[in-house]
Amino acid sequence: MYHVERKPFPKDFLWGSASAAYQIEGAWDKDGKGPSIWDNFVRIEGKTFKGTNGDVAVDHYHRFKEDVALMAEQGLKTYRFSVAWTRILPNGRGEVNEKGLMFYENLIDELIAHKIEPMVTLYHWDLPQALQNAYGGFESREIIEDFTNYATILFKRFAGKVKYWVTLNEQNIFIIHGYKLQNHPPNVNNAKRMFQANHIANLVNASVITKFRELNIPGLIGPSFAYGPNYSIDSNPKNVLAAENAEDFGAHFWMDVYRFGEYPIMVWQWLKDNNLTPEVLDGDMDLLKHAIPDFMGLNYYRTTVNADNPLDGVGLGKINTTGVKGSTVESGEPGLYKHVSNPYTDKTNWDWDIDPTGLRIALRRIASRYRLPILITENGLGEYDKLNDDCTIDDSYRIEYIRQHLVAINDAISDGVNVLGYCTWSFTDLLSWLNGYQKRYGFVYIDRDELDEKELKRYKKASFYWYQQIIKENGKQITEAK
């Protein structure tokens with residue numbers, strides 16, 4: 001669809017950026033905070049790049065006022081951050097840690113004072129280790145009550161201050177990587193346990209949305225989903241069917257539940273045929289059906305190309321966590337699909353396809369299938385950035401990446417998609433989970449590496465000033481781009 005003229009970005013468009021507690025805060029055991037599953041997982045040899053961890057991260061816990069001042073200078077309209085569950089409840093339940101609550105209250109107040117809308121993510125992967133030990137975390141229905149109680153504490157404390165709430169961040173990622181690929185905690189490879197944990201996570205999401213509504217909390221709430229559209233490698237019907245399978249298993253399996261409270265027909269049949277259906281109790285589906293989110297959160301980074309994969313075909317491959325371009329090993333699901341390289345897209349040094357048009361496709365697919373507003377909760381480029389001798393950072397490649405994706409968003413808005421806002425990943429550089437500190441995403445360079453924390457000094461990159469101008473003119477140069 002071509003447009004003679006693009007529609008402008010909405011006047012109240014949320015120009016923002018994002019982060020996650022474990023990746024930026026540090027202070028992992030300070031002021032009463034309990035250990036999370038990530039605090040322990042990173043200590044397993046060989047799990048992260050050069051053994052990196054978030055013990056100090058970029059020390060946002062002690063430097064949040066400096067970071068918020070930079071956000072205000074850039075002109076951010078919103079800042080999405082996650083709360084570390086174990087700062088609020090060190091053991092996941094029980095007595096509330098007031099010092100932990102005060103940290104987030106101070107951060108929220110600081111943001112509001114600088115006219116930045118706080119956007120709170122309730123869960124960005126750092127489950128309390130105590131709950132993992134007690135009952136297996138998401139493998140037990142006990143977590144539904146514990147998570148809902150934790151969320152209720154935050155809802156009541158910050159009602160009226162926080163208008164945008166994200167329930168679970170990338171459920172598809174923490175479930176698949178934690179229970180299949182073994183590169184996230186709990187470090188399991190068991191399909192039966194994976195699908196059971198996923199069903200319980202769906203119930204957690206629904207329970208929290210239901211509680212939000214029961215408490216009549218002002219604002220909007222919804223999950224954040226990592227979605228990249230699936231393409232077929234060509235028009236061969238077998239490959240087209242493989243792409244359909246990948247879309248069902250990789251997208252509809254989650255978003256259909258969020259929006260409709262139902263699992264896709266073909267996926268459920270496959271689960272039955274393979275004895276992998278989760279235990280579904282009376283009341284489960286009713287809860288899911290009545291917890292429709294206010295928006296669909298979208299984390300977009302790449303698209304995936306698919307081809308036919310027979311029953312004896314490709315299985316688990318290997319993802320690139322080193323930044324050595326071309327080191328990804330082909331993967332797939334036997335009998336369903338395999339992921340193959342796209343000959344039409346450039347790749348990052350971590351082998352992620354750079355596909356701005358894919359974001360437009362993602363927005364259109366979500367809008368058409370789910371009829372919900374969309375909040376882009378993450379999008380960004382992780383790459384090697386260099387601090388020059390004059391303390392400047394020329395990340396023109398990041399500017400071009402974001403610019404192209406903003407054009408795609410503007411095109412989708414012109415297509416009729418209701419996009420509430422756009423949060424880049426990320427505001428500052430941070431710990432990139434498995435990839436260490438060399439994979440940088442931020443507008444603000446943090447002077448540290450895997451082995452040396454240095455002084456953690458902040459430096460504004462070229463992209464900082466570019467995005468500042470985009471926000472100032474509400475994306476006018478994007479709208480007018482040819």
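**A buried glutamate and its surroundings**

Modeller: Happy to! Glu378 is buried, with a relative accessible area of 4%. This is a predicted model, where local features need pLDDT of at least 70 and side-chain atom pairs count only at pLDDT 80 or more, while totals for chains, interfaces and linings use all residues. Residues are numbered from 1 along each chain as its sequence is written, and side-chain values use heavy atoms, with hydrogens and water left out.

Colleague: What makes Glu378 buried?

Modeller: Buried means under 20% relative accessible area, exposed over 50% and partly exposed in between (1.4 Å probe, protein chains only). Glu378 has 4%, so the word buried applies.

Colleague: What does UniProt list for Glu378?

Modeller: An unreviewed UniProt entry lists Glu378 under "active site"; such annotations may be inferred rather than shown by experiment. Glu378 is found in strand β13 (residues 374-378). Strands (E, at least two residues) and helices (H or I, at least four) are DSSP runs, numbered from the N terminus.

Colleague: Which residues does Glu378 touch?

Modeller: Not counting residues up to four places away in sequence, Glu378 touches several residues, including Arg80, His124, Glu170 and Trp425. Contact means heavy atoms within 4.5 Å.

Colleague: Why are β6 and β9 said to stand at the edges?

Modeller: The open sheet of 4 strands has the order β6-β8-β10-β9, with mixed pairing. β6 (230-232) and β9 (332-333) each have a single partner strand, so one side of each is left without a neighbour in the sheet. Two strands pair if DSSP finds at least two bridges between them; β6 and β8 (residues 304-307) have 3 bridges, in the parallel sense.

Colleague: Why is α14 called roughly parallel to α15?

Modeller: The axes of α14 (residues 396-415) and α15 (residues 462-472) come within 9 Å and cross at roughly 25°. Angles under 35 degrees count as roughly parallel, over 145 as roughly antiparallel, 65 to 115 as roughly perpendicular and the rest as oblique, so α14 is roughly parallel to α15.

Note on methods: Axes fitted to C-alpha atoms, helices over the stretch in contact; angles between N-to-C directions.
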